[in-house]
Amino acid sequence: DGVGPPDVVTTATVPMAGLGLGRMPTKIIAADNRLIVATGDGIWVDNAALPSPARLKRPVIVIPGIMGSWPKQFGLVGELVLDPLAHTYDRLVDRLRAVGFSEDNHTLRLFPYQWRQDNQLTAQQLADTITRTKLDCGCPRVDLVAHSMGGLVARSYIEGDGYRGDVGKLIEIATPNRGSPEAYYMWEGGVFYNDNTVASYLQNAVIQAVMRIEAALKHYLSFIDYLRVKVPSVGQLLPDYSYLTERIYPIGHPRNTYLENLNTTEGVARLKQRVQLYVTGSKALPTLTGLRVGPASGDHAWPDGRITERMLGLGDGTVPYPSLSALERVNWLTVADHGTLVGDSARAVIKYLLDGDPDGAYLASIPNQAELQRIADAPTPNSPQREAVVYAPESSDLTVRDTAGHVADGSVQT
């Protein structure tokens with residue numbers, strides 16, 4: 001196929017039943033103690049050459065952003081899980097597992113939470129989760145990978161008086177460290193910001209419908225009342241700087257004392273003293289950065305003024321770049337939008353977690369682009385029996401699984 005088998009190999013036929021491989025054909029190549037699988041749905045690598053749990057630096061806790069946790073069954077019932085609707089976190093979590101982080105060896109924990117509640121309460125729950133993780137793994141500290149509002153939750157714990165010195169690294173992905181003007185729409189008017197795309201309109205319509213049902217079930221006649229009482233996290237995303245034109249914060253703005261406290265000189269200094277901080281995000285997309293509003297009315301809706309004009313700058317489509325970069329350190333940038341960059345950041349995240357030296361792990365084990373193209377272009381016969389030929393080093397013990405974690409029926413020894 002242009003890549004070629006290793007010098008010393010044996011061959012085996014791998015049963016592919018049980019795998020959600022989607023389109024055929026499928027190619028499997030094992031060389032240098034790594035297993036490369038190329039399917040119509042992508043190319044991935046087996047964990048044969050990945051670091052042992054002892055080589056991983058610290059356990060990792062993944063913290064989603066606002067609206068990043070929903071009940072497992074259709075987003076309506078069941079235990080909270082990370083975004084079963086848009087699957088925002090699947091790529092990141094898959095890549096972490098691919099390099100050896102695992103719930104089974106207590107090096108990976110996901111932290112879905114009730115995103116509607118006050119971030120200070122969520123920070124307390126995060127502290128409890130960190131304690132449980134330390135007990136499970138027998139280690140003194142953990143690392144945190146936090147998306148969007150999840151970064152503010154992590155900061156609340158680390159900068160707070162209750163911090164226990166048990167976080168090594170905080171890796172922020174698209175965190176609005178000084179807020180996002182989009183929050184003004186929901187907090188003041190009870191509506192979602194729409195960037196005039198069909199995808200944004202549909203997603204917002206679904207989420208707003210769910211939340212309006214929640215408000216009715218809790219006997220709120222006013223959706224705005226429901227938001228301001230039961231979803232304080234939205235108000236904690238309001239910017240703590242001047243973003244309403246011709247007004248100087250906090251005068252004429254809905255005030256965000258939560259972010260004001262996080263962003264004090266003393267608070268930011270504590271953050272940087274207590275953990276290694278890494279910031280990833282984007283500044284390539286048109287992003288809401290300011291608003292022109294009418295006169296403050298004191299009305300129930302839009303008490304600080306109805307929106308008459310919006311100003312755009314650069315960011316990830318949700319978080320303006322100045323808010324992302326407010327902590328004075330941006331380590332990695334992409335051109336992706338606010339949700340997509342979670343998966344796009346996986347490579348950088350793993351580099352930071354492994355101190356930039358993931359030898360033999362994810363970064364080293366992915367073939368280069370030329371190799372991938374040769375694999376993709378080489379002819380492979382269809383296999384209705386869903387079997388594939390494997391070239392493997394002698395005395396190999398291979399497990400074949402797809403990106404969803406399904407394992408092929410039967411193991412293979414060569």
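Which backbone oxygen does the side chain of serine 282 reach at 3.0 Å? The oxygen belongs to threonine 334. This is a predicted model, in which local features need pLDDT of at least 70, side-chain atom pairs count only at pLDDT 80 or more, and totals for chains, interfaces and linings use all residues. Residues are numbered from 1 along each chain as its sequence is written, and side-chain values use heavy atoms, with hydrogens and water left out.

**Serine 282: setting**
- Serine 282 sits in strand β11, which covers residues 276-282. Strands (E, at least two residues) are DSSP runs, numbered from the N terminus.
- Serine 282 has a relative accessible area of 1%, so this residue is buried. Buried means under 20% relative accessible area, exposed over 50%, and partly exposed in between (1.4 Å probe, protein chains only).

**Serine 282: partners**
- A polar atom of the serine 282 side chain lies 3.3 Å from the backbone nitrogen of alanine 284.
- Beyond its neighbours within four places in sequence, serine 282 is in contact (heavy atoms within 4.5 Å) with residues including Gly315, Asp316, Tyr321 and Leu324.
- Leu333, Thr334, Val335, Ala336 and Leu341 are also among the contacts of serine 282.

**The disulfide**
- The whole structure holds one disulfide, defined as a pair of cysteine sulfur atoms within 2.5 Å.
- Cysteine 137 and cysteine 139 form the bond, with S to S at 1.8 Å.
- Their link is left-handed, with -55° about the S-S bond.
- Cysteine 137 is partly exposed because its relative accessibility is 25%.
- Cysteine 139 has a relative accessible area of 18%, so it counts as buried.

Key. Helix = DSSP H or I, 4+ residues; strand = E, 2+ residues; numbered from the N terminus. Polar contact = N/O pair within 3.5 Å; in protein donor to acceptor, adjacent residues only side chain to side chain.
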